[in-house]
Amino acid sequence: MQQHTFQLQNGLRVPALIFGTYKTAEEQNEDVLLTAIEAGYRAFDTASFYGTESYLGSAIRKSGLAREEVFITSKLWKTEMGYEGAMAAARRSLEALQTDYLDLYLIHWPLPDPDYADWKALDLETWQALEELYDQGVVKAIGVSNFHPHHIENLLAHGRIAPMVDQMEYHPGHAQEAAVAYCQARNILVQAWSPLGKRRVLGDPLVCALAEKYGVSPAQICLKFALQRGIVPLPKASSLERMRQNRDLFSFELEEEDLYRLTCMPPVGWSGEHPDRPRVRLT
Ligand SMILES: NC(=O)c1ccc[n+]([C@@H]2O[C@H](COP(=O)([O-])OP(=O)(O)OC[C@H]3O[C@@H](n4cnc5c(N)ncnc54)[C@H](OP(=O)(O)O)[C@@H]3O)[C@@H](O)[C@H]2O)c1
């Protein structure tokens with residue numbers, strides 16, 4: 001599985017499937033992460049906001065894997081933006097993860113809150129810190145998360161280094177085609193958070209019909225949908241069985257017409273989060 005990778009614009013290879021660590025089973029974080037390693041995952045998505053960095057660091061250490069065998073992504077939170085804030089955040093993340101470098105470091109959201117007027121200046125200051133961390137080799141690649149094209153334009157116009165990754169919500173029923181197309185036209189690798197729509201998509205009639213057609217689970221349909229669109233899915237799961245199932249994506253191929261169906265199906269499973277809007281609480 002780990003031989004499947006996507007290449008970033010700086011040449012770095014990113015695993016095609018990354019384990020998501022947000023809300024890994026409460027109070028069993030380290031065990032869940034050790035199980036994910038047992039299941040074969042070698043790439044992990046964490047963030048200062050998740051509180052899982054220290055568990056991930058410990059799990060990697062306990063697993064006996066060498067640092068270079070693992071691909072670690074982390075992100076700085078809304079309260080850690082700005083040049084000094086980002087530099088300090090990176091130091092804290094490295095310490096929590098017990099490592100001296102990150103494979104990928106992202107700005108988690110483009111705005112601290114939707115009313116923040118001077119977000120362009122704040123993003124640029126924050127980005128400048130990431131550029132410096134990249135120059136120093138402390139982070140091997142840099143990118144953004146939840147940035148829409150107008151947020152990225154600001155970095156492309158005024159930054160020195162273009163973002164290499166944009167991590168956004170992506171699943172059947174919320175395919176964000178405009179943002180994906182924008183990124184892919186500029187060689188910015190898209191990563192899919194909540195690739196299963198936090199399970200909200202798994203009962204959708206089309207997803208279920210395709211699961212039956214291909215003889216796989218609805219979750220596998222969602223993950224393969226991202227992969228075949230050139231997007232890295234970041235599924236989170238708690239059991240060894242699900243973790244293994246989510247990695248078993250290379251024995252089948254979705255037909256193009258099914259990819260179109262999934263891309264164009266009615267909206268379903270949106271988290272309620274949008275960078276420029278207050279969060280919508282959905283039941
Ligand atoms: N950048 C951002 O702003 C952002 C935001 C949200 C998430 N993320 C990242 O994306 C990762 C994944 O997103 P997510 O955790 O929100 O949602 P998700 O991966 O779409 O869904 C996780 C849910 O699906 C269940 N599940 C996993 N595999 C399954 C399978 N094969 N069959 C049935 N159910 C299955 C899990 O249950 P169990 O756990 O009970 O197995 C869990 O309830 C996060 O962990 C985080 O790393 C990033």
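How far does a polar side-chain atom of Ser238 lie from an oxygen atom of the ligand? The distance is 2.6 Å. Keep in mind that this is a predicted model.

Let me stay with the ligand. Ser238 is one of 28 residues that surround the ligand. It is also among the closest, together with Asp45, Ser194, Leu196 and Gln245. The side chain of Asn146 places an N or O atom 2.9 Å from a ligand oxygen. Tyr22 uses its backbone instead: an N or O atom there lies 2.9 Å from an oxygen atom of the ligand. Now the surface. On its own, the ligand exposes 920 Å². The protein buries 89% of that.

Back to Asp45, one of the closest residues to the ligand. Its side chain also meets that of Lys75 in a salt bridge, at 2.8 Å from N to O. Asp45 belongs to strand E4, residues 43-45. Lys75 belongs to strand E5, residues 71-76. Side chains of opposite charge can pair when their charged atoms come close. The count of salt bridges comes to 12.

Next, the sheet. Eight strands form it, and it is open. The order runs E3-E4-E5-E6-E7-E8-E9-E10, with parallel pairing. At the edges sit E3, residues 19-20, and E10, residues 232-233. Each of those pairs on one side only.

One pairing in detail. E7, residues 142-145, and E8, residues 165-169, run parallel over 2 bridges. Ser145 has Gln167 in E8 as its bridge partner. What packs on the sheet here, touching E8 and E9? Helix H6, residues 177-185. Its direction makes about 170 degrees with that of E8.

Technical notes
Residues numbered from 1 in each chain as written. Predicted model: local features only at pLDDT ≥ 70, side-chain atom pairs only at ≥ 80, totals over all residues. Heavy atoms only, no water. Pairing = 2+ DSSP bridges. Helix = DSSP H or I, 4+ residues; strand = E, 2+ residues; numbered from the N terminus. Contact = heavy atoms within 4.5 Å. Axes fitted to C-alpha atoms, helices over the stretch in contact; angles between N-to-C directions. Near = heavy atom within 4 Å. Polar contact = N/O pair within 3.5 Å; in protein donor to acceptor, adjacent residues only side chain to side chain. Areas by Shrake-Rupley, 256 points an atom, 1.4 Å probe, with all protein chains shown as cover. Salt bridge = Lys/Arg side-chain N within 4 Å of Asp/Glu carboxyl O.
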